[in-house]
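Thanks for passing this one along.

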Amino acid sequence: MLSGWLQQWVFIGPALLFFSVVVFIPFMMSIYYSFTEWNGVTTKVVFNGLDNFKQILFHDKDYRNAFSFTSRLTVTNVILTNLVGFLLALLLTQALKTRNVLRTIFFMPNVIGGLLLGFIWQFIFVKGFSTLGNLTHIGFFELPWLGDAPTAFWAIVIVSIWQGAGYLMIIYIAALSNVPKDMLEAAYIDGASRMQVLRNIIVPLIMPAVTVCLFLTISWSFKIFDLNFSLTKGGPFNSTESVSINIYQEAFRNNRYGLGTAKALVFFIVVAIISTVQVMYTKRKEVEV
């Protein structure tokens, strides 16, 4: 018995220690600091109870605006990124000679880091599109993409889809490849149309992949920081400031770590609830072959 316990701790001990030091202990400390007033520099930490949360819920208009923007961005990204990724997967599971090359091309944007990707697309929106607009006089290229709130929102959506759709495509391709071919053939023989097969057979059978992809896109969109920061820095006039940027500004620019960790805790609870509800709902839709 003792030998068995010793063997288990030898294997899980280092991982548990690493998890505790890197994740669990900082998380518990952040919960404590969310109930305090602390500037992150001095050793003086003043406990202020629920004052930080009252400030967030009733007086912090910027945080509410950031939550509104992040929520709208998340809904748009989740729908469009999954739709594009699924359509690409449907296309690239067909008998195309170049499908392996195309899979690589569509996946490549996901390899580029968010900061670098944001700076690249910032150059495209500011310099590239304006040059094309001057040459072609097409209205799409003449829009103030990063200078106006509505267009800046859609600029972030476009780049997010461009980056994430290829990753979801790989997951959907793996799911589509496991759909039984004999079941599809039987449906076509019985006279089912492509849309009926897609809606009644393919989609229910790939629901585990849908669960994963929805969870990933919800998480990515809510936590968006590097892409948003490098592309617009929350502008113009804080209209594209995400919750992550708002927390960063509060803690590291305003030196209010207590309020910043309180915002992060509220953010964590909201995202955890939404993600849990989504996983529970889509899990119920899964079927077994």
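1. Let me begin with a buried pair: Glu250 is buried, and so is Lys263 (buried means under 20% relative accessible area, exposed over 50%, partly exposed in between, with a 1.4 Å probe and protein chains only). Their side chains meet in a salt bridge, 2.7 Å from N to O; the term stands for a side-chain nitrogen of Lys or Arg within 4 Å of a carboxyl oxygen of Asp or Glu. The pair links distant parts of the chain, with Glu250 in helix α12 and Lys263 in helix α13, 13 residues apart. Helices (H or I, at least four residues) and strands (E, at least two) are DSSP runs, numbered from the N terminus.

2. A word on the basis of all this. The model is predicted, so local features need pLDDT of at least 70 and side-chain atom pairs count only at pLDDT 80 or more, while totals for chains, interfaces and linings use all residues. Residues are numbered from 1 along each chain as its sequence is written, and side-chain values use heavy atoms, with hydrogens and water left out.

3. Which residue besides Glu250 does Lys263 pair with? Lys263 also forms a salt bridge with Asp60, where the closest N and O atoms are 2.7 Å apart. Lys263 lies in helix α13 and Asp60 in the loop between α2 (51-59) and α3 (61-92), so this pair ties together parts that are 203 residues apart in sequence. Both Lys263 and Asp60 are buried.

4. Glu250 has another partner as well: Arg256 forms a salt bridge with Glu250, again with 2.7 Å between the closest N and O atoms. Glu250 is buried at a relative accessible area of 5%, whereas Arg256 counts as partly exposed at 43% relative accessibility. The count comes to three salt bridges, and Asp60, Glu250, Arg256 and Lys263 are linked in a network of them.

5. Now the backbone, where a few spots deserve a look. Most residues other than glycine have a negative phi, and most peptide bonds are trans. Asn255 has a positive phi of about 55° although it is not a glycine; Asn255 sits in the loop between α12 and α13 (257-284) and is partly exposed, at 37% relative accessibility. His137 has a positive phi too, of about 60°. His137 lies in the loop between α5 and α6 (139-142) and counts as exposed, at 59% relative accessibility.

6. Where is the cis peptide bond? The bond from Gly235 to Pro236 is cis, with omega near 0°, and Pro236 belongs to the loop between α11 (226-231) and α12 (243-253).

7. Phe119 is found in helix α5 (residues 114-136) and is partly exposed, with a relative accessibility of 43%.

8. Finally, the overall picture. The protein has 13 helices and two strands, and 39% of its 289 residues count as buried. Its C-alpha atoms fill a box of roughly 75 × 75 × 35 Å along the principal axes. UniProt, in an unreviewed entry, places the feature "domain: ABC transmembrane type-1" at residues 67-278; such annotations may be inferred rather than shown by experiment. That span is 79% helix and 0% strand, and its end C-alpha atoms lie 19 Å apart.
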